Amino acid sequence: MLSVTNLTYSRRNKLIFNNLSAAFNDGEIIGITGAAGSGKSIFLELLNSEHRDYEGNIFLDDFDVKKTDKKKIRNLISRYSSIQHSINPEAIVNEWILSGRIYHKKRLSPYSDLDKEIAYSEMKN
């Protein structure tokens, strides 16, 4: 479970979060969307214990992010960022399109040859 209560955070004299509270249950898949500069990446950085100079509380399971060893927190989080500096952009596009087949495969199983064939044929269209 992820619990955020009364999160307030500023960076470079700009208020990013003001008294933000939210809770997410185990098993939920969460997507964070918003305009550029709205605080999406900063929120993930706070969850990942990259910054601890915030007010309020962030708990992952029973661990207080601010007080728990950073390595322990990072073992609890799975994070994907579309910002990749050393990866071929075409590979990212391929993975995004292939991910559209996720509901046609068994959980935690690799994509089948048919999934790949369908996804790649869509890229050609």
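Me: Helices are DSSP runs of H or I with at least four residues, and strands are runs of E with at least two, numbered from the N terminus. In what order do the elements of the chain run?

Reply: This is a predicted model. From the N terminus on, the order is β-β-α-β-β-α-α-α. That makes 4 helices and 4 strands.

Me: What makes E45 and R11 a salt bridge?

Reply: The cut-off is a side-chain nitrogen of Lys or Arg within 4 Å of a carboxyl oxygen of Asp or Glu. In this pair the closest N and O atoms are 2.9 Å apart. The value is within 4 Å, so the pair counts as a salt bridge. The structure holds 1 salt bridge.

Me: Which parts of the chain does this pair link?

Reply: Distant ones: E45 sits in helix α1 (residues 40-47) and R11 in strand β1 (residues 2-11). The two are 34 residues apart.

Me: Is E45 buried or exposed, and how do you know?

Reply: Its relative accessibility is 15%. Buried means under 20%, so E45 counts as buried.

Me: What is R11 called, then, and why?

Reply: R11 has a relative accessible area of 22%. Buried needs under 20% and exposed needs over 50%. The value falls in between, so R11 is partly exposed.

Me: Why is the pair of F17 and F43 called edge-to-face?

Reply: Two tests apply. Ring centres must lie within 6.5 Å, and planes over 60 degrees apart count as edge-to-face. The centres of F17 and F43 are 5.9 Å apart, so the rings pair. Their planes stand at 70 degrees, so the pair is edge-to-face. A search of the whole structure finds 1 aromatic pair.

Me: What does the pair of F17 and F43 tie together?

Reply: F17 lies in strand β2 (residues 14-24) and F43 in helix α1, so the pair ties together parts that are 26 residues apart in sequence. Both F17 and F43 are buried.

Me: Which residues does F17 touch?

Reply: Leaving out residues up to four places away in sequence, F17 touches L7, T8, Y9, G39, I42, F43 and L46.

Me: Is Y9 buried or exposed, and what is the value?

Reply: Y9 is in strand β1. Its relative accessible area is 3%. The limit for buried is under 20%, so Y9 is buried.

Me: What does Y9 touch?

Reply: Beyond four places in sequence, its contacts include K14, L15, I16, F17, I42, L46, H51, D53 and Y54. The C-alpha atoms of Y9 and D53 are separated by 7.5 Å, though the two are 44 residues apart along the chain.

Me: Which residues have the most contacts inside the largest nonpolar core?

Reply: L7, Y9, F17, L46, Y54 and I58. This core has 15 residues.

Me: Which residues of α1 are buried, and what do they pack against?

Reply: The buried ones are I42, F43, E45, L46 and L47. They pack against β1, β2, β3 and α2 (70-76). Just after α1, S49 takes a positive phi of about 65 degrees.

Me: What makes the phi of N13 worth a remark?

Reply: Most residues other than glycine have a negative phi. The phi of N13 is near 60 degrees, a positive value in a residue other than glycine. N13 lies in the loop between β1 and β2. Its relative accessible area is 84%. That is over 50%, so N13 is exposed.

Conventions: Residues are numbered from 1 along each chain as its sequence is written. This is a predicted model: local features need pLDDT of at least 70, side-chain atom pairs count only at pLDDT 80 or more; totals for chains, interfaces and linings use all residues. Side-chain values use heavy atoms; hydrogens and water are left out. Buried means under 20% relative accessible area, exposed over 50%, partly exposed in between (1.4 Å probe, protein chains only). Rings of Phe, Tyr and Trp (its six-membered ring) pair if their centres lie within 6.5 Å; planes under 30 degrees apart count as stacked, over 60 as edge-to-face and the rest as tilted. A nonpolar core is a set of buried Ala, Val, Leu, Ile, Met, Phe, Trp, Tyr and Cys residues joined through side-chain atoms within 4.5 Å. Contact means heavy atoms within 4.5 Å.
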